[in-house]
Amino acid sequence: MKTINISGIELYLFKNLSDFDNITHFVSSRKGGCSNGQFKSLNIGFNIGDDDHNVIQNRKALSEATDISFGNFTFARQCHGSNIFFVDNSLRGSSSADEESSLGNADGMITSLPDICITVKVADCVPVLLYEPDNHAAAVIHAGWKGTVNKITGKAVEKMIRFCGSKPGNIYAGIGPSIGPCCYETGNDVYREYMDKGFTGKDIMIPSKQKDKYYLNLWQANKKQLTELGVKPENIEEASICTKCNNESFFSSRASDGKTGRFAAGIMLKKK
Ligand SMILES: [Zn+2]
């Protein structure tokens with residue numbers, strides 16, 4: 001990834017997605033906002049204890065920095081499931097200004113329409129962005145350990161194939177900052193679920209020195225879903241940035257006992 005700083009707002013951009021002029025995308029950091037305490041400072045999430053006015057101010061600042069209209073930001077109610085919405089014009093701007101108007105329970109969104117910035121909020125879970133230029137289609141995914149084991153990223157690719165006519169070989173992917181395998185120790189219950197769903201690679205569940213503990217590599221588990229469906233490895237960019245190790249730049253739930261803000265990752269198609 002590369003970083004840019006616009007009036008104090010630090011944005012992370014995937015190099016592979018930056019090559020396309022007819023999309024806008026970003027991953028926000030926690031820098032440059034107005035929230036305080038554990039939400040310091042660019043908290044994008046409502047209903048987690050921060051003042052709504054701060055969240056709106058932060059989203060407006062993000063809107064200016066990204067040059068994406070405030071009313072084009074579109075959010076779903078994330079629930080660690082594997083539901084994926086196709087977002088059309090009737091859903092544009094859902095939850096841009098409050099949590100209540102979110103477009104429903106979903107952890108992934110796809111669209112093939114311009115000026116809809118499909119966006120996820122994260123603080124350790126993996127944000128994944130997909131773009132397929134031939135059919136001008138995009139997806140955004142919120143993949144925590146549950147979404148990942150239920151193959152939400154693979155499901156998003158399948159939906160792009162079905163609804164947008166995308167070919168996996170044309171899809172470009174960005175796997176964003178999240179808790180890394182360096183810091184994500186899990187127990188036997190999580191290990192079993194990953195084994196049962198075929199995530200058997202030693203690069204995905206790395207045995208810890210502690211008995212019955214494993215370090216989970218969410219980046220690799222999401223990459224596997226993409227390559228198994230035919231996305232080319234050279235078209236996948238992995239940020240390899242651990243949110244817990246880089247807590248000064250990103251909100252991390254595990255670095256703050258669950259009491260923290262959210263950063264955002266979004267992608268928007270421009271008119272072709
Ligand atoms: Zn780490």
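1. The chain has six helices and 15 strands; helices (H or I, at least four residues) and strands (E, at least two) are DSSP runs, numbered from the N terminus. With a radius of gyration of 17 Å, close to the 19 Å from the globule rule for 272 residues, the chain is as compact as a globular protein of that length. That radius is taken over C-alpha atoms, and the rule is 2.2 Å times the number of residues to the power 0.38.

2. Please keep in mind that this is a predicted model: local features need pLDDT of at least 70, side-chain atom pairs count only at pLDDT 80 or more, and totals for chains, interfaces and linings use all residues. Residues are numbered from 1 along each chain as its sequence is written.

3. Of the 272 residues, 49% count as buried (20 or more other C-beta atoms within 10 Å of a residue's own; exposed is 12 or fewer, partly exposed in between, with C-beta atoms placed from the backbone). The C-alpha trace spans about 50 × 45 × 30 Å along its principal axes.

4. One for your backbone check: the peptide bond from lysine 40 to serine 41 is cis, with omega near -5°. Serine 41 sits in the loop between strand S3 (23-28) and helix H2 (52-66).

5. Histidine 136 has a positive phi of about 50° without being a glycine. Its loop joins strand S8 (126-132) and strand S9 (137-143), and histidine 136 is buried, with 20 other C-beta atoms within 10 Å.

6. Aspartate 212, also not a glycine, has a positive phi near 60°. Aspartate 212 lies in the loop between strand S12 (205-207) and strand S13 (214-216) and is exposed, with 11 other C-beta atoms within 10 Å.
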